[in-house]
Amino acid sequence: MRTAFAALAAMTVSFGLNFSAGVFFAPAAADYGLNTSALTTAAALSTLLTGVAQPFVGRLLDRVGAKRILVLGLIVISAGYLVLAVVTQTWQFIATYTFLGGLGFASSSSLTVSTLIGRAYGADAGPALARAAIGINLGQLLMPWAATSLFVPIGVRGTYAVLGCVGLAVTAVLVCVLPNDPATTLSGDQTRESLRGRGRVLASFGLHAATMYVVVLMLPKHAAELGWSVAGAGRLVAVAALSAGITSAVVASLLRRGRRPEDLLRLLHLLRALSLGLLTVAQAPAGLVAAAVIFGMSSFPIIPLTMAVLSRGLDPHRMGRTLAPAWVTHQAAAASGLAMAVVIDRFTGSYRAFFALGLGLAAACLVLLRPQHGVPVKNQESTYERSAVRHR
């Protein structure tokens, strides 16, 4: 239980700092004299770097332990905010955002937390993963709210500094609270296991990421373009995070009661399609709020549910290396989605066309995750179960 709640706190910092970037876009562009397209490009590069770094992070997780990598990543991403508070040139801002943000998030996000929890809970990791994932939503709820509240009294630079210090303070507590990772004393096999047989789930994970990052980072800008204030637009992310946190708690409860992650995934992808459809057509504030609520409740719980499926039956001593390709896929798709959003926004002056594309991607996820025709549900899990039996 201590590991799950410590992981929740770590994800609050990691995802809060990473996903709060969108709230800073408009005020940072004005304060630093930056072009918002340059900021979006930096976000795409940072996301891509996070994905490229995943195999390296996976090897480190298996060699030195998840706790050490998690703490290091939190220090780096928090320090990045402190550096952003003092940079004076555009290239310094973009380099800090890309490298410290990208590498810090790569080391402190879901791959590291999934490995930490997978080793601690084994085959029963699903509920713990869902509980820890509430930290994703808390981070999105607390950090954007704090940022939008601090912009006026202390400015953009002061807000960067305060949030960076908060991240370092939480990290210091986690150093004392997190139990030592038992894998730090185990070498294990030097090769990773195969994710063969889980390709449909892996593909859906990538398609999910292609729209998730764009909506989280660009929704405030989209709302501002529709006439919202900077503070009001930024708090749409907090609204999405609040609904996501509630859903994550419900998902954790359902998993403890024996519900299959695959069934829950299909339901959530259906709701995601609805939210992206609303974003495509919404003009009034009520429509945007409804879209943010449905998107939040359906998007973020997909991450722990997918990890529960992909990690089922894996050797815990090789879990970091084995799950790394999933996060390479996730981050590469996210970076591609951001790049497409930049291009679409530049040529159309809006993100609506991208949201319509996202609706198609959500429909593709439903096709990928549909039960196989003519195969009993029990047999559809056989690929995962064989792997689980091999390590019992």
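**Helices and contacts in a predicted model**

In this predicted model, the buried residues of H7 are Ala125, Gly126, Pro127, Ala128, Leu129, Ala130, Arg131 and Ala132.

Me: How many of the residues of helix H7 are buried, and what covers them?
Reply: Helix H7 spans residues 125-132 and is mostly covered, since eight of its eight residues are buried. The cover over these buried residues includes H1, helix H6 (110-121), H8, helix H10 (230-256) and helix H13 (302-310).

Me: Is Ser14 buried or exposed?
Reply: Ser14 is found in helix H1, which runs over residues 2-19. A residue counts as buried when its relative accessible area is under 20%. The relative accessibility of Ser14 is 0%, and therefore Ser14 counts as buried.

Me: With which side chain does the side chain of Ser14 make a polar contact?
Reply: Once its neighbours within four places in sequence are left aside, Ser14 is in contact with Leu74, Ile77, Phe105, Ser108 and Ser109. One of these residues also takes part in a polar contact, side chain to side chain, at 2.9 Å, and that partner of Ser14 is Ser108.

Me: Which kind of aromatic pair do Phe15 and Phe105 form?
Reply: The structure holds ten aromatic pairs. A pair of aromatic rings is described by the distance of the centres and the angle of the planes. For Phe15 and Phe105 the centres are 4.9 Å apart and the planes are at 80°. Planes over 60 degrees apart count as edge-to-face, so the pair of Phe15 and Phe105 is edge-to-face.

Me: How many residues apart in sequence are the parts that Phe15 and Phe105 tie together?
Reply: Phe15 counts as buried at 2% relative accessibility, and Phe105 is buried too, with a relative accessible area of 1%. Phe15 lies in helix H1, whereas Phe105 lies in helix H5 (residues 90-108), so the pair ties together parts whose separation in sequence is 90 residues.

Me: Which helices hold Phe24 and Phe151?
Reply: Phe24 and Phe151 form an edge-to-face aromatic pair, with 5.2 Å from centre to centre and 80° between the planes. The two residues are 127 residues apart in sequence, and the helices that the pair ties together are H2 (residues 21-32) for Phe24 and H8 for Phe151.

Me: Which residues form one aromatic cluster?
Reply: Two members of the cluster, Phe24 and Phe151, count as buried, at 0% relative accessibility for Phe24 and 13% for Phe151.

Me: How many residues apart are Arg157 and Asp31, whose side chains meet in a salt bridge?
Reply: The count of salt bridges comes to eight, and in one of them the side chains of Arg157 and Asp31 meet at 3.7 Å, N to O. This pair links distant parts of the chain, with Arg157 in helix H8 and Asp31 in helix H2, and their separation is 126 residues.

Me: Are Asp62 and Arg321 buried or exposed?
Reply: Asp62 forms a salt bridge with Arg321, in which the closest N and O atoms are 2.5 Å apart. Asp62 lies in helix H3 (residues 36-64) and Arg321 in helix H14 (residues 319-348), so this pair ties together parts that are 259 residues apart in sequence. Asp62 has a relative accessible area of 1% and Arg321 has 8% relative accessibility, and therefore both count as buried.

Me: In which helix do Glu225 and Lys221 lie?
Reply: Glu225 and Lys221 form a salt bridge whose closest N and O atoms are 2.7 Å apart. Glu225 is partly exposed, with a relative accessible area of 39%, whereas Lys221 is buried, with 17%. The two residues are four residues apart, about one turn of the helix, and the helix that holds both is H9 (residues 199-225).

Me: What is the area of the nonpolar surface patch that includes Ile154?
Reply: Ile154 has its place in helix H8 (residues 134-177), and at 39% relative accessibility Ile154 counts as partly exposed. The patch is made by Ile154, Val162 and Val166, and its area is about 210 Å².

Conventions
Residues are numbered from 1 along each chain as its sequence is written. This is a predicted model: local features need pLDDT of at least 70, side-chain atom pairs count only at pLDDT 80 or more; totals for chains, interfaces and linings use all residues. Side-chain values use heavy atoms; hydrogens and water are left out. Patches are made of residues with over 30% relative accessible area and no salt bridge: like charges are joined within 9 Å, nonpolar side chains (Val, Leu, Ile, Met, Phe, Trp, Tyr) within 5 Å. Accessible areas come from the Shrake-Rupley method with a 1.4 Å probe; for residues, only the protein chains shown count as cover. A salt bridge is a side-chain nitrogen of Lys or Arg within 4 Å of a carboxyl oxygen of Asp or Glu. Buried means under 20% relative accessible area, exposed over 50%, partly exposed in between (1.4 Å probe, protein chains only). A polar contact is a pair of N or O atoms within 3.5 Å; within protein, one must be able to donate a hydrogen and the other to accept it, and residues adjacent in sequence count only if both atoms are side-chain atoms. Contact means heavy atoms within 4.5 Å. Rings of Phe, Tyr and Trp (its six-membered ring) pair if their centres lie within 6.5 Å; planes under 30 degrees apart count as stacked, over 60 as edge-to-face and the rest as tilted.
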